[in-house]
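Subject: Structure handover

Hi there,

Here is the structure I promised to pass on to you. My notes on what turned up follow below it.

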Amino acid sequence: MTERILENLADERGNREGDGCLLDIVLKQVSKRYTGRHLDAVKELDLEIRQGSFVALLGPSGCGKSTLLNLLGGIDRPTEGVIEVGGLSLQSMGDDQLTEFRLKKLGFIFQFFNLLPTFTLEENVRLPLEIAGHDRAFVDSEVTELLDKIGLGERRGYLPAQLSGGEMQRTAVARAIVHKPAIVLADEPTGNLDSENGEKVLALLSEIHAESGITIIMATHSNEAAACAERSIRMRDGRIVSDERNA
Amino acid sequence: MREFDHFLGALSLFRKFVLRDCLHNYVRTVITICGITLGVSVFLAIGLANKTALSSFHDTVDRVAGKANLEIRPLTGRSFDQSILTGLTWLEMAGAVYTPIITDDVVMSVGDDKSEPIQLLAVDYFADDAFKGYEVADSDSSGESPTSLNGVFKHLGVLVGHALASEHKLSEGDKIELAVDDRRFEVQVSGVLTDKGTGAAYGGRLLICDLSLGQEILDLPGQVSQVEIISPPQKIELLQEKLKSELPVSVTVEPASTRTSQIEKMTRSFEYNLYALSFIALLVGMFLIYNTMAITVIRRRPELGTLRILGLSSRNILSLILAEAILFGAVGSLLGLFCGVLIADWALQAVAMTYQRLYFSLPLDSVRLEPVILLVAFLTGVGLTTVAAVPAALEAAAVSPAEATRKMSIELNIDRWTLPFAMVAFVFFGLSAYSSTLPALANFPFFGYFSALTCVFGVAFLMPALLKRMLPVLGRILYPLMGLESRLAVSSLGRTLGRSSVAVATLSIGIAMLISLAIMIGSFRETVIDWARQTLVADLWMRPASSDGGSKNARFSAHMESRLAAVTGVEAVEPWTESDFEYAGMKATLGGARFDLVEKYSNLNYLSGRSNREVASSIRGKSCIVSESFSIKHGVQAGDTIEVPFKTGLMPLYIQDVYYDYVNDTGFVVVNRDFYRKNMKDDGINSFAIFVKKGYEPVSVRKRIFSELSGQSRFVVRTTGELRERILEIFDQTFAVTYALHAISIVVAILSVMNALFALTEESRREFGILKYIGLPAKGIKKMVLTEAGVLGLYGCVFGIMLGFVLSLLLIYVINKQSFGWTIRFTVPFDFIAQTFVIIMFTSIASGLIPARLASATQAPEVVRSE
Ligand SMILES: Nc1ncnc2c1ncn2[C@@H]1O[C@H](COP(=O)(O)OP(=O)(O)OP(=O)(O)O)[C@@H](O)[C@H]1O
Ligand SMILES: [Mg+2]
């Protein structure tokens, strides 16, 4: 028990007060080619993303945004090159270590929400903490606090099918950050929402970023969405064509 | 502490991820659990029935033997001369005690018409008390009389077993009428035994009397059927050796326990075949589980991917899916235990007849609930369910987190696998073909069943390739007939080849089981009818009344033959005598027949194809014919010589030919009657075949036989028609269990159709939504689902019937042959197959109705909403 509290403390300190280089992301000559394809979806990419930054990935459909996010999350493995997070190479990790890495350090948000249909809103949000093995009281307080903050407290008992698209995506955001990950990867989080709901989600992401200093990497088609970020990276045919700081 | 939290966490995940899904898809959950329940309950019921039968036998042997650790029994016939006892006095010097007994079955008349076979046990009072415990219930006080056996000294006094006494309300002084051979015999109740000790032997359905009264009742003067010996334990082997060397070869000296192991050996084929049949029900249940789990995993791939992204390891996922299967297995098996116990009594009644008729005469009243068998059935249910879920669980564990990022649940890309699967299928077929040629293992057709199993797996693996070829063909045929929806249905099945294959395979296997059993039983029945028509050529058949009541050794005395022959209208009388003997440690039947008459009047069929006349004329002296079962069971053929124990000693008998026979599976050796009489010292006659003179009616001759002979003798005379009917009655009773399994396989087959359809329509909801969105009306969607159901049913039937044919060949030519040694002529019950086809097509389409309603109710917006 005490062991875990210590561990949690260490985790939180690492996440929040990290001295910047702790979970920096570094890509060196990364290429990804899907089997059966003859073009690289991502080609010889060099990229560095500092801990705590908010990055938008832009570019036309098929340019490789999702592929890049999957590579960063250890969901897919690059065909060539090295991806390091916090100085650790993702390639060197086995399946179990990658699972552990995702569990502790990453949060994911998808265009199609990917909520578990048999779990209520609250249960979806609790899941990452429960998988990590936190005790009930801790999970209760963390989740209640978060849901109240996001304004979903009243809907906590609903199943995903009973929620609106905006509510579903905000639930997905809550699930992605509830365990206080170091990095959140968001693949077109507003792509399936109307502009009003889209803005709500973006505002939520900005707020979280401002408060906690989580690294957020968000693929998007919309320039408005990209405007929330600190840095915009444009891609085309698997390559980076521009990389600029936002005003 | 941490482990406990983890456990709770896993439990809560299981509840939310698995249980809620099961509840949501409750129809499929119920169907799946029903499948397991059916399998387990059948397996359990058969197990309990078999176990009860064998343990009753064991128990009775123990109770009759009492403390005896050695027995002298006849190797042939039912008794031996008690004069051999005079030579045994040295046993006492060696510290052993011994006592003779007689046991045989007699028939007790109950009421006017009814009769009931019971066991008569005659003991030597002075010696026997040392062997077994007797307890007589005292009618006056609750105390037990220590001089419990005193009753047997009363004139014609017998002690009555408790079950018999309570059933017929017998008490001291009551008279009991017994039918023995063709006589009647009246005895008097001199006490009622409690259900302890010997009184509980034969399920409490026995009479105990003094040895001399027993000899009188059974008309076996100077004969005993067993000598029980209590030897000092360290001297058993020594005594056994010495006894063997001193006693005639027509008796054996063995520990009582060898009788139990002998009966176990004899009944093994019957027992294991029942198990194997019940196992088929489990197997189909396994395919149901496989189907359900595979489809669940395919459907939930994106969710599984999401769980992986959220931090569950593939091992966690594996255990999650296996836990689901174990839950199904546990719930299904528990229900199965419950139902199994409920139907076990029925199963016992169904198999008791066969056990009693073929192997031993014991009353089998009610099932004993053996905890071990309950446990085995439960574990088998859970174990097989888990095994069946392993492929799906591995599949689930291999879902990569990347799949969460894809919106649609994707169909398992089976295209790549159709070829390798087909190759695996042919390996299975090869194995199947090869193992069908292998001989039985310890009289059990292990390889025959293995062959059937591999054949089933082969079909399952070949299914994707078959459907890939066949679906487009059907599409082309249906399109002009039924329009667009039919083409959509066929192409939708084709796109989800993995799921369709599992569904069709499951259905085919259910149907194949149904068809193969039907062909096997049908062929067997036809064969028996044919055999009866050819072989039973006499006009009338006569046997003692007690024999008809269930007493096996009932005989007429020899003078009946001439009296019968003297009745007006009788052309010839063919007597038949039989008695049991031991051959190679197993029971068989030795028969004595008048081959001069067989040659002239009868018509036996021989394996060699030689004519009856030719073979029958050659049977005299030390030559014999054996039945097909005997030949197969002991691996002997025409031209071989076998050593058969007679009362006069071991005789080498030359086998002239092997004849077809379906009376029992222990087998017959038949010698000429003169030889039999001389060497078995047995003049009695078990039955007569009576040939009526030309111009006489069998029925009127029967009347005459009754009026002339029934004064001195009690007997039953049947016409050939009546006898054939009786044979079929017995046949149907013997196969009652198989008929029941037959019915169950229909239910399982229908369950698998419904299961598959539910899964498929559940899967295609999104597609239906899109179609509706595009403009296909609800009616069209209904039609599409019903067509899918029909197509699945059709292919299930076609492949099922084909597989059923192959399995029936295995059943008839390998499994049955090796187990029982009967040649069965393959006949196809076309009407039954046509009927099955119609029923399955009907239920397939009918079971598509609910899914069709669900599908057509799918609203377009559901397509857009992914969750
Ligand atoms: N699993 C896959 N197998 C094969 N090719 C793929 C796979 N996923 C993506 N691709 C291909 O890789 C390229 C990059 O795809 P990616 O999904 O990364 O694009 P994207 O920028 O996310 O597009 P969008 O904006 O439409 O989401 C495309 O050409 C796509 O067809
Ligand atoms: Mg994308």
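Please keep in mind that this is a predicted model.

Let me start with the charged contacts between the chains. Chain B and chain A are joined by four salt bridges. In one salt bridge, D96(A) pairs with R315(B), and their closest N and O atoms lie 2.5 Å apart. There are also eight residue pairs in polar contact between chain B and chain A, with both residues at pLDDT 80 or more.

On the chain B side, helix 1 (2–24), helix 9 (301–309) and helix 10 (314–359) each supply at least two residues to the face that touches chain A. Helix 1 of chain B gives the most, with nine residues. By type, the residues of chain B that touch chain A comprise 12 charged, 10 nonpolar and eight polar.

Now for the contact as a whole. It draws 34 residues from chain A and 30 residues from chain B. Between them the two chains bury about 2900 Å², with 56% of that on carbon and sulfur atoms.

Helix 12 (415–435) and helix 13 (446–482) of chain B are the elements that give two or more residues to the patch. F450(B), for instance, sits in helix 13 of chain B.

Happy to talk any of this through.

Best wishes

Notes:
Residues numbered from 1 in each chain as written. Chains lettered and ligands numbered in written order. Predicted model: local features only at pLDDT ≥ 70, side-chain atom pairs only at ≥ 80, totals over all residues. Heavy atoms only, no water. Contact = heavy atoms within 4.5 Å. Buried area = accessible area lost by both parts, 1.4 Å probe. Salt bridge = Lys/Arg side-chain N within 4 Å of Asp/Glu carboxyl O. Polar contact = N/O pair within 3.5 Å; in protein donor to acceptor, adjacent residues only side chain to side chain. Helix = DSSP H or I, 4+ residues; strand = E, 2+ residues; numbered from the N terminus. Nonpolar A, V, L, I, M, F, W, Y, C, P; charged D, E, K, R; others polar.
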